[in-house]
Amino acid sequence: MGRTARFKIPMMADLVRQLQFTPAETLCRQMDNAERLAGEVEAGEKYPWEYVLFRITGFRTDRGQEPMLISGADVRSDAAIFVLRASSAADIERDYAGRSAIGLKALAKRLKVTGTTIQRYRTQGLICHAVRKRGKVRETHELVCFEDSLARFLAGLSRNGKEVGRLTRMSDAETEAAVQQARELREMKRASLNDAAKAIAERMGRSHEAVRQLLKRHDRDAEEAIFTERGPIGERGKEFVLRAWERGVSVGQIAKRLGKSSPAVHHALAQARAKRLKGWEISHVEMPTFELPDAERVILSSPWVSTGLMEAIASKITEVAAAQGMPELEENAEQAMVGGYNFLKRKAAQVIAGLGATPKIAEVDEAETLLRWAMLVKAKLVRGVMGSCIRQVERSLGKAFGTL
């Protein structure tokens, strides 16, 4: 597999070291999550490590200090390395999840670039997997790029205006042939633009995305379009996207179901989540400490706000027997949790207020994460005061709670 790539994010290297103890099913899920993350982050943006960890593993960390912000470029690069290591550990096949793979030498030949350029593309977000290769003596791995990963990477280059001309330029003869093939596929098989582009790309040795964009340009400029594209995803479609995504359906599957591109579904999903957030009435108690310098770091780094939060959810706080034995909550602990709870809601409301018509996924994730964090702090606060509440009721009634 060549020289081992080095991580730019130390915590990512620690995460990879845990792969050897991770079940294959979890490995594949985290591998796919990392690939999706690499395709969504923006190189010029900053992302908290907690967000990166959650997107890959689904787990959140307790924050005891100011969040570490990481550049999107470093997230892309390290996510690509993570995918490579995870795919090797999971020992996936070349046709993993029904995807079509191309070796790196064949990829360089198709794109008409050198192997060195391919390696540079990998640091810029081109995702490669290590798949099982049956050798003469023992099973080894080879590096491949899946066709859909390549298409996303080329689309990203197209959006950023980088090197696209050389990678996707087609001659007039190739363009005419591609258009003719598309027309035949449409007439004979009623193929969609996306399916036709995929079939033509395989025949011509071109990327799926390059052919898809060519056909879209043709239909935009031609007097008689080959494909009748449906308009943008409407409000009902966005609601469907949100429900499906929350049930664990991947963006790729949703896109295929709707006949849309994955970026279009990501865009619709971000809008649906933002609309839901804006529909919630989020109130908070304003406290003088909120305006103090470094308020966020001080308030949210308190152990009462940043640790032991999951215990409040896992424990059965409604069980009287358990609550009766709880000690009185210290005044400073209660104040810390009340302050953290209201500060988190205040910050979430500020983030939500800043969401525009085309919200960024990172902003939507931040707002939802802040609200979840606030919910956990509230649960911990309720659990902490449960014992004193029960004892107060007993004193008022003059009876033990269990005898009522």
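Guide: Helices (H or I, at least four residues) and strands (E, at least two) are DSSP runs, numbered from the N terminus. The model is a predicted one, in which local features need pLDDT of at least 70 and side-chain atom pairs count only at pLDDT 80 or more, while totals for chains, interfaces and linings use all residues. Residues are numbered from 1 along each chain as its sequence is written, and side-chain values use heavy atoms, with hydrogens and water left out.

Visitor: What makes helix 3 largely enclosed by the rest of the structure?

Guide: Buried means under 20% relative accessible area, exposed over 50%, and partly exposed in between (1.4 Å probe, protein chains only). Eight of the nine residues of helix 3 (residues 49-57) are buried, so helix 3 is largely enclosed. Among these buried residues are Trp49, Tyr51 and Ile56.

Visitor: What covers the buried residues of helix 3?

Guide: The cover includes helix 1 (10-17), helix 2 (24-40), strand 1 (46-48), strand 2, helix 4 (72-90) and helix 20 (361-397).

Visitor: Why is Ser71 called buried?

Guide: Ser71, found in strand 2 (residues 69-71), has a relative accessible area of 16%. The limit is under 20%, and Ser71 is therefore buried.

Visitor: With which residues is Ser71 in contact, leaving aside its neighbours within four places in sequence?

Guide: They are Glu45 and Lys46, where contact means heavy atoms within 4.5 Å.

Visitor: How do you know that Leu258 counts as buried?

Guide: Leu258 lies in helix 13 (residues 251-258). Its relative accessibility is 17%, so Leu258 counts as buried. The C-alpha atoms of Leu258 and Val241, 17 residues apart along the chain, are separated by 9.2 Å.

Visitor: Is Glu223 buried or exposed, and why?

Guide: Glu223 is found in the loop between helix 11 (208-221) and helix 12 (235-246). Its relative accessible area is 88%, and Glu223 is therefore exposed.

Visitor: How many helices and strands are in the protein, and what percentage of its residues is buried?

Guide: The protein has 20 helices and five strands. Of its 404 residues, 44% are buried. Among contacts between residues at least 6 apart in sequence, 71% join residues at least 24 apart.
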